[in-house]
Amino acid sequence: VVLLWTVVPQPADPPPPTGRLPDTAKPTAYRLQLTIDPALKEFSGHTEIDAVLARPTRSLFVHGNGLQVSKAQIKSGQTSIDARYKEVHETAVARLDLTSEVPAGKITLIFDYKAGFRTGAEGLFHAEVAGDWYAWTQMEPIDARRVFPSFDEPGFKTPFTVTVTAPKSAKVFANAPEVGASDSGSMTVHRFAPTQPLPTYLIALGVGPFDVVESTVPANEVRKEPLRFRVIATKGQTPRMQLAATESPKLVTLLETYLGIPYP
């Protein structure tokens with residue numbers, strides 16, 4: 001008896017990009033849900049990214065840096081396809097390996113994850129100031145990928161809809177106006193309006209017992225509507241904030257007049 005067999009080579013993993021991500025997918029909108037208690041060591045997140053897939057694929061590259069992803073899926077139409085998430089390059093490129101091929105067209109990427117707060121001004125970092133804990137963000141240039149899975153390149157500009165769950169004692173700020181809040185046990189869920197199209201590096205968050213000084217930049221020849229303006233700083237600094245609250249609106253008006261462009 002002679003037995004013959006053929007070894008079928010398995011397809012090699014696609015090499016990670018060392019520059020820009022491939023043009024396989026283009027994001028069109030983000031929904032970020034973050035649970036942030038600045039006094040803890042970690043935060044958690046649920047991110048959904050709407051995107052358009054240029055061609056069928058079984059793998060996809062995104063950005064992620066130090067994210068402990070417990071769930072990754074791609075939804076295509078009514079079908080949800082599980083994915084394995086793995087960070088594969090020192091520039092914080094991650095690869096999604098899918099259990100089946102995803103067809104071209106509209107998709108939604110879904111992630112559940114945790115990550116540690118940073119202690120320097122990168123990504124989502126926290127600090128204790130005079131006995132109170134605060135968390136802030138600094139995403140520029142490539143630190144949004146420390147906070148949520150993303151296509152972390154400035155060429156992609158999309159709306160972001162942000163929800164932050166934080167301790168009831170904390171004030172929460174994001175890029176857009178807050179549109180609602182509700183209690184959830186010892187926490188409060190803060191919901192913000194969708195932003196204008198933004199790159200990932202401009203997403204900004206603040207959580208903590210901040211002092212806030214409200215002001216307005218009056219309408220002028222370039223901008224016909226008043227502009228809401230506020231200064232935010234750690235608790236106890238209100239007297240030091242008055243100079244900024246008084247002078248910054250003047251500077252905004254000078255710049256608008258000089259450039260002939262209303263503040264966006």
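Guide: What follows is a set of questions and answers about this predicted model.

Visitor: What makes strand 3 and strand 12 the edge strands?

Guide: The open sheet has 10 strands in the order 3-6-5-4-7-2-1-10-13-12, with mixed pairing. Strand 3 (57–63) and strand 12 (178–184) each pair on one side only, and that makes them the edge strands. Neighbouring strands of this sheet are turned against each other by 20° on average, direction ignored.

Visitor: How do you know that strand 4 and strand 7 pair?

Guide: Pairing requires at least two bridges found by DSSP. Strand 4 (residues 68–76) and strand 7 (residues 105–116) are joined by 7 bridges, so they count as paired. The two strands run antiparallel.

Visitor: Why is Ser-59 called buried?

Guide: Ser-59 has a relative accessibility of 18%. Buried means under 20%, so Ser-59 is buried. Ser-59 lies in strand 3. Setting aside residues up to four places away in sequence, Ser-59 touches Pro-14, Arg-95, Leu-96, Asp-97 and Leu-98.

Visitor: Why does Val-69 count as partly exposed?

Guide: The relative accessibility of Val-69 is 23%. Buried means under 20% and exposed means over 50%, so Val-69 falls in between and is partly exposed. Val-69 belongs to strand 4. Apart from neighbours within four places in sequence, Val-69 is in contact with Tyr-85, Phe-111, Asp-112 and Tyr-113.

Visitor: Why is Glu-42 called partly exposed?

Guide: Glu-42 has a relative accessible area of 33%. That value lies between the 20% and 50% cut-offs, so Glu-42 is partly exposed. Glu-42 is in strand 2 (residues 42–53).

Visitor: What makes the meeting of the side chains of Glu-42 and Gln-68 a polar contact?

Guide: The pair is 3.1 Å apart. A polar contact needs N or O atoms within 3.5 Å, one able to donate a hydrogen and the other to accept it, so the pair qualifies. Gln-68 is also among the residues that Glu-42 touches, together with Lys-114, Ala-115, Gly-116 and Phe-117, when residues up to four places away in sequence are not counted.

Visitor: How far is Glu-42 from Ser-215?

Guide: Their C-alpha atoms are separated by 34 Å, and the two residues are 173 residues apart along the chain.

Terms used
Residues are numbered from 1 along each chain as its sequence is written. This is a predicted model: local features need pLDDT of at least 70, side-chain atom pairs count only at pLDDT 80 or more; totals for chains, interfaces and linings use all residues. Side-chain values use heavy atoms; hydrogens and water are left out. Helices (H or I, at least four residues) and strands (E, at least two) are DSSP runs, numbered from the N terminus. Axes are lines fitted to C-alpha atoms, for helices over the stretch in contact, and angles run from 0 to 180 degrees between N-to-C directions. Buried means under 20% relative accessible area, exposed over 50%, partly exposed in between (1.4 Å probe, protein chains only). Contact means heavy atoms within 4.5 Å.
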